[in-house]
Amino acid sequence: MLLHLQDADGDAAAADYAFEEALRRGARLRVLHTPAHRHVLPELPSLVPATSPGQERLSRQERADEAVPRFCLAAMRDLHPQVQVVTSTVRSAPAHALLEATRDAAVVVIGTRRTAGRPGPHPGTVGHALLHHSHCPVAVVPAG
C-alpha cells in the first residue's frame, strides 16, 4: 500500500481510506509526503556556508516537512496500531518518486481537492501522472 500525502487538511480522507485498506489487506503502508515546492532565493555566500541564514532556514524547513507525516498520521496510527507505517519526504520530482514507488505497491491512494471555478474534484498534476502511468491500481479519494 502506498499513500501520497501532500497536506494535512486535504488528504485526511485519503489517509483514512489507506489505513483501512492496509488493515483489511494486512499490508504495510508506505507514505510518501511531497510538500509544496518552495522557491529558495539566492543569497550572498557566507564565510561559514553551513551557518548562513539561508542554510539555517532551509534546514528548519526540511525538519518541519519531515514532521508533517508523523503529526498528520498520529491519530490514524492510534486507531490502527496493527498497521505498520513507513514514511518518507520527497522534495524534488514528486511524480517520478511516486511512479517509482508504485512498482512495489499493490495500490496507491491519492486525495483530490476541489478547485474554484471548476466542477468536481481534481487530482492535480502529480495525481494525473499517477492515473496515467502508475504500475499499480490508483484509488482516488475525494477530500471530505
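Tutor: The protein has five helices and six strands, where helices (H or I, at least four residues) and strands (E, at least two) are DSSP runs numbered from the N terminus. This is a predicted model, in which local features need pLDDT of at least 70, side-chain atom pairs count only at pLDDT 80 or more, and totals for chains, interfaces and linings use all residues. Residues are numbered from 1 along each chain as its sequence is written, and side-chain values use heavy atoms, with hydrogens and water left out.

Student: Which residues of helix 5 are buried?

Tutor: Buried means under 20% relative accessible area, exposed over 50%, and partly exposed in between (1.4 Å probe, protein chains only). In helix 5 (residues 124–133), Val126, Gly127, Ala129 and Leu130 are buried. Their arc, taken from the directions from the helix axis to the C-beta atoms, is only 155°, which puts them on the same side of helix 5. Thr125 and His132, on the other side, are exposed.

Student: How is a pocket found, and what gives the most to the lining of the second largest pocket?

Tutor: Rolling a probe the size of a water molecule over the atoms shows where empty space is left. On a 1 Å grid over the protein atoms alone, a pocket is an open set of points where a 1.4 Å probe fits, with protein on both sides within 12 Å along at least five of seven lines; lining residues have an atom within 4 Å of a point. Helix 5 gives the most to this lining, with four residues. Strand 4 (108–114) also supplies at least two. Among the lining residues are His4, Asp11, Arg113 and His122.
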